[in-house]
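Subject: Handing over a structure

Dear colleague,

I am passing a structure on to you, together with some notes on what was found in it. Please look through it first and then read on.

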Amino acid sequence: MLRGAALRVTRPRIAVLTAVHDHPHADTDSIIGTVRADLGEVSHQAVYDVLRALTTAGLVRRIQPLGSVARYEARVGDNHHHVVCRSCGSIADVDCAVGETPCLTAADDSGYVIDEAEVIYWGLCPDCSSVSSS
């Protein structure tokens, strides 16, 4: 994947990419913890730099729901959306709306060529909704 994106293959890049694949929607601190468990001491800055390079190369996607820290995922290129729990902050993928609901058709595109739409659904996850109804 790294070579295909014209990125040099390094141990930190492999470790970060693996962490993002293994832990979808992980925040930077979680990714740092996973990478350190794999490689030993790695600086915060090194992980931030790798995440930036992977995001720029299109190998990972950075999302940041309102009120949340940045999170990363390896599911890229399919214009999916997310659902976020208002209580615990968990995040799950939601496939693009189907049927008559247009995901990429804006009422007025202001001359932009739109290639992605970002929708975030908010609610309570199954665990939190069962606690609140108890």
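Predicted model: local features only at pLDDT ≥ 70, side-chain atom pairs only at ≥ 80, totals over all residues.

Residues are numbered from 1 along each chain as its sequence is written, and side-chain values use heavy atoms, with hydrogens and water left out.

The protein chain holds four helices and six strands, where helices (H or I, at least four residues) and strands (E, at least two) are DSSP runs numbered from the N terminus. Along the sequence these elements follow the pattern α-β-α-α-β-β-β-β-β-α. The C-alpha atoms fill a box of roughly 50 × 45 × 20 Å, taken along the principal axes. Of the 134 residues in the chain, 31% are buried, a word that stands here for under 20% relative accessible area, with exposed meaning over 50% and partly exposed in between (1.4 Å probe, protein chains only).

The largest nonpolar core has 20 residues, of which V16, I31, V35, V47 and L54 touch the most other members; such a core is a set of buried Ala, Val, Leu, Ile, Met, Phe, Trp, Tyr and Cys residues joined through side-chain atoms within 4.5 Å. Helices α1 (11-22), α2 (28-39) and α3 (44-56) each supply at least two residues of this core, and the largest share, five residues, comes from α1. In soluble globular proteins, nonpolar side chains tend to be buried together.

In α1, the buried residues are R13, A15, V16, L17, A19 and V20, and the buried residues of this helix pack against α2, α3 and β3 (71-73). When residues up to four places away in sequence are not counted, V16 touches I31, V35, V47, V50, L51 and L54, contact meaning heavy atoms within 4.5 Å. The twelve residues of α1 should span 16 Å at 1.5 Å a residue, and its end C-alpha atoms are 16 Å apart, which agrees; the expected span is 1.5 Å times one less than the number of residues.

One residue of α2 also deserves a note: T28 has its place in that helix and counts as buried because its relative accessibility is 9%. Leaving aside neighbours within four places in sequence, T28 is in contact with Y48, L51, A70 and Y72.

With best wishes
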